[in-house]
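Please look through the sequence and the model together, and keep both at hand while reading. The paragraphs below are meant to be followed slowly, with each residue located as it is named.

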Amino acid sequence: MSDARLITGGGASVGAAARAPWQALGKHAGGTPIPSQDGGAVGVGVILFLTVLEVVLVDLMLSAPWARVVALVAGLAAGYLMTGFAIALSAYPHRVAYGAFTVSYGASFHARVPLSLISDVAVRRSLSDQQRTAVIKEGVLSVPVMSTTNLVLTLREPVRVEAGKTVGEVREIRIHAKDPGDALISLRDALEGTVREEAAEPAAKPSAKAPGEVPTWLRRLRWAGLLVLLVEILLVTTGLLDWRIAAGVLVVTEGTLSVLGLVFGAAFISQYRKLRRTGRGRRAALGEAFYSLVPPPIAEMVRHEVSVWGILALAVTFRTQARPGDRRLGRVGFVRQAGVLAAVLVAGGVSLPVLAGVSPFTVVGTVVLLYAAAAATAFATTGRVRPHTLGREDVVLRWGLHHSVRIPLAGISRVEVAGQPGPGSNEDRFTVPGRAPGVLALHLEEPVEAPVRMGVLRPVTSVLVPLADAGAALALVEGRHGEEAR
């Protein structure tokens with residue numbers, strides 16, 4: 001087989017992971033980048049937390065100074081490499097350059113496909129249940145993100161791929177692009193022999209950001225406070241510094257955090273004003289501005305806590321999240337299993353200090369049990385507090401503690417009562433979590449973004465809603481949809 005019919009590349013690379021943080025901050029390579037996903041912010045946050053926790057625990061278990069130093073160096077090196085693999089997801093995008101299209105998955109896989117081998121490019125979404133990053137199966141090289149591909153490259157003839165452990169003959173390549181429409185245009189321009197001006201030379205003026213979009217420098221800076229706290233914990237807990245030096249470090253770090261607090265305060269006000277100018281309400285603008293200025297893992301935890309206590313407050317005052325004038329699409333009663341669990345946890349929390357006596361352990365245990373009871377109670381009442389509703393212009397579907405999706409009535413093409421969804425996956429369909437005897441199916445003219453898998457948004461054209469009385473909900477939606485059409 002000639003070299004023209006060979007696609008080369010590589011698998012997981014420690015060197016690429018080590019270079020990823022500097023690659024993300026430095027000057028990007030030439031050509032047209034095609035991002036496959038957002039940066040691994042959640043992964044970076046988890047890795048940093050676990051690294052500090054591991055270093056502290058190992059340090060407490062070891063007594064010899066040399067062993068503690070070795071463990072510290074090994075822990076920091078492992079944490080850096082794992083962070084590099086997470087950052088590489090955005091540092092190494094797919095790229096069109098120098099007569100080839102490089103398919104990448106961070107520092108875990110890359111393959112250089114000559115443009116002369118590509119006959120056609122199309123946007124087509126499909127799901128994959130593969131466990132590995134890149135798999136060749138039945139002549140198809142699949143490199144998904146979150147088990148999803150949305151761009152298909154058809155090759156002129158079967159070619160052999162040799163990229164690390166991924167070896168085989170392929171005639172089609174399926175990948176994921178963050179913006180498949182823009183990626184399609186870039187690839188077709190490259191196949192036609194044209195070069196987009198923004199790819200050939202750096203733009204003289206950056207494009208304007210959408211209102212409410214967080215600036216890049218601020219997205220990077222929001223990790224600074226967390227990093228300072230982690231370093232502070234690491235230095236003080238391991239005892240590598242004398243307490244007097246540690247006290248000085250604390251003063252410096254707290255001063256740094258104070259400066260960052262002022263910067264974030266100004267940025268918060270700026271974001272809030274931008275969101276208000278776009279028509280957001282006060283509460284929505286405050287929430288979006290706050291969550292945009294903290295790392296995603298912290299934002300998710302804060303959102304969860306706020307949702308728990310917000311749902312309990314609404315339940316106690318017999319209110320819901322439905323807007324004035326909205327109609328409920330079915331009724332969801334009190335979830336007995338979660339309610340029973342809450343009662344058991346409350347009983348355990350009250351009985352613990354009585355049976356075991358008052359001590360730091362029992363106090364902590366009581367607080368944990370009572371908090372768990374509050375969370376269980378929130379889950380038990382969430383169906384009543386957060387109902388599916390039909391408004392004058394839209395349908396709002398809610399589930400869990402804070403997830404929701406808004407569907408404009410004007411975008412609904414057909415409504416029907418459907419059967420229970422099967423176990424198979426469908427990339428264009430989203431099933432709202434829940435159990436009910438009936439299912440209302442909403443078919444859309446234009447896709448809407450539905451949160452799936454850790455909050456990642458996916459465009460869907462069909463939404464299935466489990467409801468106790470799907471027929472009554474169908475009549476309501478059809479009646480309101482008819483009024484909207486008139």
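This is a predicted model: local features need pLDDT of at least 70, side-chain atom pairs count only at pLDDT 80 or more; totals for chains, interfaces and linings use all residues.

Residues are numbered from 1 along each chain as its sequence is written, and side-chain values use heavy atoms, with hydrogens and water left out.

We may begin with the charged side chains. The structure holds seven salt bridges, where a salt bridge is a side-chain nitrogen of Lys or Arg within 4 Å of a carboxyl oxygen of Asp or Glu. One of them joins E172 to R124, with the closest N and O atoms 3.5 Å apart. This pair links distant parts of the chain, since E172 sits in strand β10 (residues 166-175) and R124 in strand β6 (residues 118-127), 48 residues apart; helices (H or I, at least four residues) and strands (E, at least two) are DSSP runs, numbered from the N terminus. With a relative accessible area of 15%, E172 is buried, whereas R124, with 39%, is partly exposed. Another salt bridge brings together the side chains of R160 and E162, at 3.1 Å from N to O. Here R160 is partly exposed, with a relative accessible area of 33%, and E162 is partly exposed as well, with 36%.

D326 forms a salt bridge with R323, and their closest N and O atoms are 2.8 Å apart. D326 counts as buried because its relative accessibility is 18%, while R323 is partly exposed, with a relative accessible area of 35%. Salt bridges that share partners join R323, D326, D394 and R406 into one network. Where in the chain does D326 lie? D326 is found in the loop between α10 (296-316) and β11 (327-328). The side chains of D326 and R323 also make a polar contact (2.8 Å), a term for a pair of N or O atoms within 3.5 Å, of which, within protein, one must be able to donate a hydrogen and the other to accept it, and for which residues adjacent in sequence count only if both atoms are side-chain atoms. If residues up to four places away in sequence are not counted, D326 touches T389, L390 and G391, contact meaning heavy atoms within 4.5 Å.

We can now turn to the aromatic rings. A pair of aromatic rings is described by the distance of the centres and the angle of the planes. Rings of Phe, Tyr and Trp (its six-membered ring) pair if their centres lie within 6.5 Å, and planes under 30 degrees apart count as stacked, over 60 as edge-to-face and the rest as tilted. By this rule the count comes to two aromatic pairs. In one, the ring centres of W309 and Y371 are 6.4 Å apart and the planes stand at 55°, so the pair is tilted. W309 belongs to helix α10 and Y371 to helix α12 (residues 360-385), so that the pair links distant parts of the chain, 62 residues apart. W309 counts as partly exposed at 46% relative accessibility, and Y371 is partly exposed with a relative accessible area of 30%. The rings of W399 and F430 have centres 5.4 Å apart and planes at 45°, so this pair is tilted. Because W399 lies in strand β13 (residues 394-399) and F430 in strand β16 (residues 429-431), the pair ties together parts that are 31 residues apart in sequence. Both W399 and F430 are buried.

How values were computed
Buried means under 20% relative accessible area, exposed over 50%, partly exposed in between (1.4 Å probe, protein chains only).
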